[in-house]
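The entries follow in the order I made them.

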Amino acid sequence: MGQPRSYDAIVIGSGPNGLASAIELARAGRSVIVYEAEETIGGGARSAELTLPGFVHDICSAVHPLAVASPFFRRLPLAAHGLEWIHPPAPLAHPFDDGTVAMLERSIEHTSETLGGDAGAYRKLMTPLAASWKQLAPALLGPMRWPQHPFALAHFGIRALRSACGLTERVFKGERARALFAGLAAHSMLPLEQMVTAAFGLVLGITGHQVGWPVPRGGSQRIADALASYLRSLGGEIVTGARVESVEELPPSRAVLCDVTPRQLLRLAGQRLPDGYRRKLARYRYGPAAFKMDWALDGPIPWKAADCARAATVHLGGTLDEVAASERAPSKGEHAEKPFVLLAQPSLFDPTRAPAGKHTAWAYCHVPNGSTFDMTERIENQIERFAPGFCGRMLARKVTPPTGLERYNANLVGGDINGGAQDIRQLFLRPTVRLYATPAKGLYICSSSTPPGGGVHGMCGHFAARAALRSALR
Ligand SMILES: Cc1cc2nc3c(=O)[nH]c(=O)nc-3n(C[C@H](O)[C@H](O)[C@H](O)COP(=O)(O)OP(=O)(O)OC[C@H]3O[C@@H](n4cnc5c(N)ncnc54)[C@H](O)[C@@H]3O)c2cc1C
């Protein structure tokens with residue numbers, strides 16, 4: 001790689017987890033270099049002018065409850081390195097056809113006021129869980145360990161292990177709360193009848209109340225830039241445009257941490273791994289894909305329900321039944337006629353994203369892994385359904401199907417945005433029971449294919465670095 005010297009550790013990939021692991025190592029006094037395949041750093045935390053000059057779009061992640069909840073990121077001086085969080089008045093809006101909207105507000109009380117007859121049931125479900133968030137967060141945003149707060153975790157676990165459909169149908173009587181919860185749980189990218197999908201709904205709901213769903217001023221790239229700036233201040237190095245084809249080509253080091261998914265790890269280091277472990281990596285399952293769209297708009301989205309403009313994130317999918325049908329489709333190799341659409345409108349709260357008076361929008365829906373089906377019309381129809389006139393505001397659009405996502409970032413295998421399916425078998429023991437370590441001496445995996453999985457939180461990188469510091473880098 002043209003680097004003559006040796007390092008304590010080399011990190012392959014500069015996604016949030018790669019940068020997090022490099023920071024953890026540098027903070028422990030180890031010399032570290034990061035090799036990034038692309039010309040810009042950040043992996044799933046990058047932004048660019050995808051449509052027109054002056055319109056800054058988030059290429060992957062846009063909204064960041066997990067980053068502000070991350071026990072690791074919270075300890076880093078990222079504000080001093082340029083990261084500024086913008087909190088919209090409400091974390092999330094979930095509109096209905098009748099022009100009303102269920103809101104996830106910062107306050108449980110205000111959220112419940114938008115849920116009709118289920119106000120009391122929502123308060124009863126969320127109040128104790130939100131109150132124990134400080135105890136729950138370290139357990140939920142990390143690998144399975146003996147819990148420090150077993151009662152809080154048990155209270156959460158009994159509800160979280162259920163399917164989202166099972167939990168909502170038992171707890172809520174009306175459509176509004178059921179639909180709001182279904183939208184939250186749909187971030188799992190699993191059929192909502194599957195066990196453990198309730199966990200995603202609960203965690204995202206609680207983060208809405210406890211930490212908010214902010215966007216970074218200037219775009220998600222600023223998260224990566226702040227992490228990189230802090231890493232450099234600790235003496236860490238980053239080289240871009242440096243795709244690693246094999247670990248054999250790297251300069252000497254005591255540890256290599258790979259911010260890649262199992263399929264790529266096999267290519268990078270397969271020859272160092274025993275057959276049994278290789279077979280396990282080859283059996284690792286990838287999940288559904290995202291079909292992603294970005295728009296440059298002539299004005300704000302003309303929502304039927306005005307409150308939608310108070311949130312950076314809007315879930316478009318109507319009722320629980322509709323959301324559930326949409327999330328079942330990819331697992332059957334099908335494409336939902338009315339897809340559940342996750343939409344973000346950061347420019348409403350961050351004027352740096354678009355020229356004055358203009359706006360950006362970001363959205364995706366879930367499709368089968370590797371799908372080549374064009375969802376453009378179906379996504380735009382869903383937006384028009386809740387915001388008539390949306391298409392009339394369009395100045396330009398950029399469509400990124402699953403293949404485009406993978407071309408942009410090799411970790412997005414078949415368009416899977418979570419580094420592998422997050423069902424009950426792979427949520428806790430990913431990519432294998434060894435988690436971050438591999439059988440090869442000094443070789444680690446630190447991407448979202450390890451616990452706690454997808455999202456910009458850096459916890460996978462943090463725990464992988466801790467594993468390396470306990471053994472290869474002791
Ligand atoms: C469309 C989309 C929307 C999303 N929305 C959100 C959201 O709103 N909020 C949220 O929290 N999360 C979101 N995510 C998920 C989030 O982006 C990822 O979970 C997160 O980025 C994973 O971080 P990572 O470091 O594990 O991997 P990545 O961010 O994927 O980074 C991996 C890096 O490794 C590099 N790399 C790969 N192979 C090599 C190689 N051989 N040599 C050198 N470098 C290599 C890649 O180029 C990349 O930079 C979204 C993802 C997508 C795609």
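The model is predicted, so I kept its limits in view: local features need pLDDT of at least 70, side-chain atom pairs count only at pLDDT 80 or more, and totals for chains, interfaces and linings use all residues. Residues are numbered from 1 along each chain as its sequence is written, and side-chain values use heavy atoms, with hydrogens and water left out.

I then looked up which elements contribute, with helices (H or I, at least four residues) and strands (E, at least two) taken as DSSP runs numbered from the N terminus.

A polar side-chain atom of E36 is 2.6 Å from a ligand oxygen atom. From the backbone, an N or O atom of V456 lies 2.8 Å from an oxygen atom of the ligand, and one of V244 lies 2.9 Å from a ligand nitrogen atom. Taken alone the ligand exposes 990 Å², of which the protein buries 94%. Accessible areas come from the Shrake-Rupley method with a 1.4 Å probe; for residues, only the protein chains shown count as cover.

**Strand β14.** How many of the residues of β14 are buried? I found 9 of its 9 buried, where buried means under 20% relative accessible area, exposed over 50%, and partly exposed in between (1.4 Å probe, protein chains only). Both faces are covered: H359, A361, A363, C365 and V367 lie on one side, and T360, W362, Y364 and H366 on the other.

I checked its pairing next; two strands pair if DSSP finds at least two bridges between them. β14 pairs with β11 (residues 289–297) in the antiparallel sense over 9 bridges, and H359 of β14 stands opposite L297. β13 (residues 341–344) also pairs with β14 in the antiparallel sense, over 3 bridges. Here W362 is the bridge partner of A344.

**R353.** This arginine lies in the loop between β13 and β14. Is R353 buried or exposed? R353 counts as buried because its relative accessibility is 0%. I looked up the partners of its side chain. The side chain of D58 makes a polar contact with that of R353 at 3.2 Å, and the backbone oxygen of P216 is 2.8 Å from a polar atom of the R353 side chain. Leaving aside neighbours within four places in sequence, R353 has contacts (heavy atoms within 4.5 Å) that include F55, V215, P346 and T360.

Most residues other than glycine have a negative phi, and most peptide bonds are trans. I noted a cis peptide bond between R430 and P431, with omega about -5°; P431 is in the loop between α17 (424–427) and β16 (443–445). Another cis bond joins P451 and P452, with omega about 5°, and P452 is in the loop between β16 and α18 (459–470).

M189 is not a glycine, yet has a positive phi of about 60°. M189 sits in the loop between α9 (175–185) and α10 (197–210) and, at 4% relative accessibility, counts as buried. L435, also not a glycine, has a positive phi of about 55°. L435 lies in the loop between α17 and β16 and is buried, with a relative accessible area of 15%.

**R106.** Last, I looked up R106, in the loop between β7 (101–104) and α4 (108–112). R106 is partly exposed, with a relative accessible area of 33%. Its side chain reaches the backbone oxygen of G208 at 3.1 Å.

Key: Polar contact = N/O pair within 3.5 Å; in protein donor to acceptor, adjacent residues only side chain to side chain.
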